[in-house]
Amino acid sequence: MNKRFKEQYYEFIYRGEKIPLSIGTIVVCLLCLLLIIVATFTQINVSHVLPSFDEAGEFILKNVSNPYVPQIPVVLFIAAILGPVFGFLTMLLYLLVGFFIWPVFALGGGLDYVKSGLFGYILGYIFAVIPVGRILEKNYNLKGIFLATVIGVLTIHICGMLYCVLLAVLKVVSFSYVSSAIHSLGGIKTFYDIVISFIFLLLAIPAKMILWIAMRSSIVKNLAKSAKKEVI
């Protein structure tokens, strides 16, 4: 393998570089924006066995099935693909689209959505992509993935719950609404978020290697080299 061919080959291989600003990166950001919108309106049923006790007090394995919307795993997946900067910008774009262009949030859109208890979770998306992206930039191994998963999921849920409490204090919603929201979005679904997010972050490794072909900054480098040659 000669030196020139080796340099061209390595341009297509992701080796832990920071995501550059390029046309390909912008396209990937838009694709990730579409992905989070699709995830917002996608519901799957998660079925599994759950240890429990029957009426007689005997230990049993109970079959349960719960509806699940995979927004949080997709948000962390986007953070892993795009990193903290472009992940943050993609979530911010999602927020602006929901406010001013199209009702892409779970219960609609528009500026009045700030009065919804679910808006705190959207704020959580924005805050979560930064630490998740930074952790995975430095340590994209099993330990880093697990840490990013736990921090990302807890950041989103804490933001969502605190925002619900804030709305209740301001008397926008009732405290009974806060209790029901925490019950429906927390508990077993937080466990689902952690498990499924961990799987999504594992899948982000090969996905990022494929998307790196589009996001790499070789076009910018080639333009810079061409401009330098013209000056010489």
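Which residues in α2 meet L211, A214 and M215 in α7? In α2 they are G24, T25 and V28, where contact means heavy atoms within 4.5 Å. Before I continue, please note that this is a predicted model, in which local features need pLDDT of at least 70, side-chain atom pairs count only at pLDDT 80 or more, and totals for chains, interfaces and linings use all residues. Residues are numbered from 1 along each chain as its sequence is written, and side-chain values use heavy atoms, with hydrogens and water left out.

Helices here are DSSP runs of H or I with at least four residues, and strands are runs of E with at least two, numbered from the N terminus. Two packed helices are described by the angle between their axes and the distance between the axes. The axes are lines fitted to C-alpha atoms, for helices over the stretch in contact, and angles run from 0 to 180 degrees between N-to-C directions.

To return to the opening pair, α2 and α7 pack at about 130°, with axes 7 Å apart. They are therefore oblique to each other; angles under 35 degrees count as roughly parallel, over 145 as roughly antiparallel, 65 to 115 as roughly perpendicular and the rest as oblique.

Helix α2, residues 23–40, also packs on α3: their axes come within 9 Å and cross at roughly 90°. That makes α2 roughly perpendicular to α3. Among the contact residues are V28, L33 and I36 of α2, and V74, F77 and I81 of α3. The contact has 19 nonpolar, four polar and no charged residues. In this classification Ala, Val, Leu, Ile, Met, Phe, Trp, Tyr, Cys and Pro are nonpolar, Asp, Glu, Lys and Arg are charged, and the others, Gly among them, are polar.

Next, α4 and α5 (residues 142–169) pack at about 160°, their axes 7 Å apart, and are therefore roughly antiparallel. Their contact comprises 18 nonpolar, seven polar and no charged residues.

A pocket is an open set of points on a 1 Å grid over the protein atoms alone, where a 1.4 Å probe fits, with protein on both sides within 12 Å along at least five of seven lines; lining residues have an atom within 4 Å of a point. The volume of the largest pocket is about 540 Å³, taken as the space filled by probe spheres set on the points, which are joined across faces, edges and corners. Of its 24 lining residues, V69, Q71, A106, L118 and L185 lie nearest the centre. The largest share of the lining, five residues, comes from α6. By class, the lining has 16 nonpolar, six polar and two charged residues.
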